[in-house]
Amino acid sequence: MIHYIKVVNYLSEELTMYLRRPGETGLSIVKIDGLTPADAIINTTELAPTTKLSGGDLFNSSKIAKRNVVIYMKYFDWYEDVETLRHKTYKYFPVGRMLTLYVYTDSRHVKLTGWVESNGGDVFASDCDVRISILCPDPYMYSADINSLVNTNFSGIENSLVFPLVNPSLTENQIIFGIIHAQTENLIVYNGDVETGLFVYIHSVGTIENIKIINSITRELMGIDNNLLIDTIGTGIIAGDDIIINTTIGAKSITLVRNGVAYNILNAKTGTDWLTLVKGDNLFAFTAEFGIANLQLRMENLIVYEGI
């Protein structure tokens, strides 16, 4: 069940509309289309007729089409006149502008981004209403929970310092500032509906050569070749370097940051795969031909849904 809808316009102005309390905003939501999974576009080739009976088409490819969210509302004019309420929709649903729509249900809190295609209605009707159409080029919904960004540490330092500081011993240092993790394999349990990319953050505390990251279940592999890296930026990985890998479809990139300067090192990638997360268990591991003890790695991912 949908409890409320929140819209944030391009000026970061917010409007929250509770379905059961329309009097708070004067806008009563009657129906919303386009919150279930978006339609797929299936490309096929018709099979040529033969002397024997045959039928059907040959599958070529498929993709998810853009999402079209349509909100139907009526004016609940107990406290404001209809014209004022109509102008309120112009403010929060401006045509041609981008907005972020949040949907809160019993089990999912999601957000999606789109552009307002139309905002109209019959101004002369006795029972005035409004129809707002929002086109979302990205058809997926993303978790809007406080823990929507999942962080998985493989090797690195987990902050453990909390306040107030209390050391119960007069002879031993018992305050823990951080915990060093040194594992090279970790499990990510992904609860989204849609296969999604992830961010891989690598920090070097020394020289590293030929990093490889492997999905231990699917055997997919991607890495950074030391010789190709030298050809690209002149050196290999040294102490203080940070590498950011983004495997998200449409935004794939590999960037090395050194002394505040970012370098595109996509040419140093090895392997034909870009690691992704599928629903359920995803087991990843990393290795290096030299300097694996100098490598600190963590992964981040968003939770992506097909619909509410």
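## Arg21 and its surroundings

Arg21 is partly exposed, because its relative accessible area is 41% (buried means under 20%, exposed over 50% and partly exposed in between, with a 1.4 Å probe and protein chains only). The side chain of Arg21 meets that of Glu24 in a salt bridge, at 2.5 Å from N to O; the term denotes a side-chain nitrogen of Lys or Arg within 4 Å of a carboxyl oxygen of Asp or Glu. Arg21 also lies over the face of Tyr18, 4.1 Å from the ring centre (a charge sits over a ring if NZ of Lys or CZ of Arg is within 6 Å of the ring centre and within 35 degrees of the ring normal). Another such arrangement involves Lys31, whose charged end is placed over the ring of Tyr72 at 4.8 Å from its centre.

The model is predicted: local features need pLDDT of at least 70, side-chain atom pairs count only at pLDDT 80 or more, and totals for chains, interfaces and linings use all residues. Residues are numbered from 1 along each chain as its sequence is written, and side-chain values use heavy atoms, with hydrogens and water left out.

## Overall composition

The protein chain contains two helices and 23 strands; helices (H or I, at least four residues) and strands (E, at least two) are DSSP runs, numbered from the N terminus. Of its 308 residues, 37% count as buried. The chain exposes about 17600 Å², of which carbon and sulfur atoms supply 53%; accessible areas come from the Shrake-Rupley method with a 1.4 Å probe, and for residues only the protein chains shown count as cover.

Among contacts between residues at least 6 apart in sequence, 67% join residues at least 24 apart, where contact means heavy atoms within 4.5 Å.

## Other salt bridges

A search of the whole structure finds four salt bridges. One of them joins the side chains of Arg108 and Asp193, at 2.9 Å from N to O. This pair links distant parts of the chain, with Arg108 in the loop between β7 and β8 and Asp193 in the loop between β13 (185-190) and β14 (199-204), 85 residues apart. Asp193 is partly exposed, with a relative accessible area of 29%.

Glu300 and Arg298 form a further salt bridge, their closest N and O atoms being 2.6 Å apart. Glu300 counts as buried because its relative accessibility is 12%, whereas Arg298, at 26%, is partly exposed.

## Aromatic pairs

The structure holds four aromatic pairs. Rings of Phe, Tyr and Trp (its six-membered ring) pair if their centres lie within 6.5 Å; planes under 30 degrees apart count as stacked, over 60 as edge-to-face and the rest as tilted. The rings of Tyr4 and Tyr104 are stacked, because their centres are 4.4 Å apart and their planes stand at 15 degrees. Tyr4 belongs to strand β1 and Tyr104 to strand β7 (residues 98-105), so that this pair links parts of the chain 100 residues apart. Tyr104 is buried, at 12% relative accessibility. Together with Tyr18, Tyr4 and Tyr104 form one aromatic cluster.

The pair of Phe154 and Phe286 is edge-to-face, with 6.3 Å from centre to centre and 65 degrees between the planes. Phe154 lies in strand β11 (residues 149-159) and Phe286 in strand β21 (residues 280-290), so the pair ties together parts 132 residues apart in sequence. Both Phe154 and Phe286 are buried.

Lys6 is located in strand β1 (residues 2-8). Lys6 is buried yet has no salt bridge, and the nearest side chain of opposite charge, Glu14, is 4.0 Å away; Lys and Arg count as positive and Asp and Glu as negative, while His and the chain ends are not counted. Leaving aside residues up to four places away in sequence, Lys6 touches Glu14, Leu15, Thr16, Thr100, Leu101, Tyr102 and Tyr104.

Asp106 occupies the loop between β7 and β8 (109-120) and is exposed, with a relative accessible area of 55%. Its C-alpha atom is separated by 6.8 Å from that of Ile2, 104 residues away along the chain. With residues up to four places away in sequence not counted, Asp106 touches Met1 and His3.

## Positive phi angles

Asn210, a residue other than glycine, has a positive phi near 55 degrees. Asn210 lies in strand β15 (residues 209-215) and counts as buried at 16% relative accessibility.

Arg219 likewise is not a glycine and has a positive phi, of about 65 degrees. Arg219 is placed in the loop between β15 and β16 (221-224) and is exposed, at 60% relative accessibility.
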